[in-house]
Amino acid sequence: MPEIAVDAEIDEDPAPAPTQLKGKRALAYLAVCLILIGLNLRTVFSSFSAVLPEVTSDAGLPGWSVVVLTTVPVTLLGVFAPTAPVLARRFGAERVLLGAMAVLTAGLLLRPAGLPGAGYLPALLVGTAACGAAIALCNVLLPGVVKRDFPHRLGLMGGLYTTAICASAALGAGFTYPVFTATGHWTSALWFWAVPAAVVLLLFLPPAIRQHPVRHQHLKGGVNVWRSAVAWQVTAFMVLQAMMSFSVFAWLAPILRDRGVDGGTAGLIVSVSIVLQMLGSLFAPALAARLKDQRVINMVVALMTGCGFALSIFGPTELIWVWTGLLGLGQGSLTAVALTMIMLRTRDAHTAAHLSGMMQGVGYGVGSTGTLMVGQLHQATGGFAAAGVLFLVVGLLAAFFGYRAGRDRFV
């Protein structure tokens, strides 16, 4: 299994030390906290889409706002990713993660709040943006903390926290609509997800505040990945997989409901599809690492994802579980092999960290155009057929750049 935990702070001097803990119990407690942080990093995306028709109708949202609300959090993943190492250099990674969880909790609490005279839209916009910024910091810093604190259990911990992130999306998709059904209002369904975030914030507070930040300097020099053709091919592959990945979180449930599937079943279908992503993400990296090069596997999983998405829109609804299952296995494998390219296309950890930063900044920033285009096409046409064609094109492009990125070359 290739190592995919990249330390974003690897170019700091002195090198960041492991979290200061007392004993094995404290280390186990930290492991639980880090996994629980991962379990909160995707609910903001999948929970909103699960009740999107109810939010749009009850809050009277204009069409443009729906597009913005599904696009902004993904865009901010790319915008705020470069700030994470800078903040960690000043305050320490653990305290930045703590602050990010505080912002995430506040954003989840603010998101469904109605303001007198202004309605729900301002709070939805600000709360969603806060969540996106907080998740960006966690995305960048969490792998490095796992890598430093669990060097002898990196495979286990890496697998647990990445599985927790996938499970986060599945939980958001599967439980939001049932909470809405039980409470009778979409605000309660969205507020529900602030509870686990607040619990993790309180649990992580003791070990985080005990850390004493150390002043670090950023070491300049090394390879310039921005001038590497291989780095750009890998990044393009990442952009295209992100376009499809976050469109699943944002739009698959509304697509299914548009096809006549009821809200509870649509949430369950999306949840199962995301669970299948976990299976793909477990097996695809190991298979990719065993191959002489990754051209074939990159192309196959890209085409599986694009075709699975298109069939979820165009295919017979009697086979909707098959189409979304194909999408889930393809998307999980695609995301995993795209991240695995970081290690397989670099020769050392410093280059890998630089390539990871480039992929996250460009990948999420440009990849958010996927959710944007789906929203705009839906607004323009009143349906999702155009989005189905879009994802066939994106899948083909991902296969092309996956072939290029899969060649046995190095940054």
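A search of the whole structure finds eleven aromatic pairs, where rings of Phe, Tyr and Trp (its six-membered ring) pair if their centres lie within 6.5 Å, and planes under 30 degrees apart count as stacked, over 60 as edge-to-face and the rest as tilted. Before I go on, please keep in mind that this is a predicted model, in which local features need pLDDT of at least 70 and side-chain atom pairs count only at pLDDT 80 or more, while totals for chains, interfaces and linings use all residues. Residues are numbered from 1 along each chain as its sequence is written, and side-chain values use heavy atoms, with hydrogens and water left out.

One of the pairs joins Tyr-120 and Trp-186, edge-to-face, at 4.9 Å centre to centre and with 65 degrees between the planes. Tyr-120 sits in the loop between helix 6 (93–110) and helix 7 (121–149), and Trp-186 belongs to helix 9 (residues 186–191), so this pair ties together parts that are 66 residues apart in sequence; helices here are DSSP runs of H or I with at least four residues, numbered from the N terminus. Tyr-120, at 23% relative accessibility, counts as partly exposed, whereas Trp-186 is buried at 2%, where buried means under 20% relative accessible area, exposed over 50% and partly exposed in between, with a 1.4 Å probe and protein chains only.

A further edge-to-face pair is Phe-246 with Tyr-364, at 5.7 Å centre to centre and 85 degrees between the planes. Since Phe-246 lies in helix 11 and Tyr-364 in helix 15 (residues 349–367), the pair ties together parts that are 118 residues apart in sequence. Phe-246 is buried at 4% relative accessibility, and Tyr-364 is buried at 10%.

Turning to the core, which residues touch the most other members of the largest nonpolar core? Of its 121 residues, they are Leu-34, Ile-37 and Phe-204, a nonpolar core being a set of buried Ala, Val, Leu, Ile, Met, Phe, Trp, Tyr and Cys residues joined through side-chain atoms within 4.5 Å. Helix 11 (residues 229–258) gives the most to this core, with 19 residues. Leaving aside neighbours within four places in sequence, Leu-34 is in contact (heavy atoms within 4.5 Å) with Leu-142, Val-145, Val-146, Phe-150 and Phe-204.

Finally, Phe-48, Ser-49 and Ala-50 in helix 2 meet Leu-52, Pro-53, Glu-54 and Val-55 in helix 3.

Definitions and conventions: Helix = DSSP H or I, 4+ residues; strand = E, 2+ residues; numbered from the N terminus.
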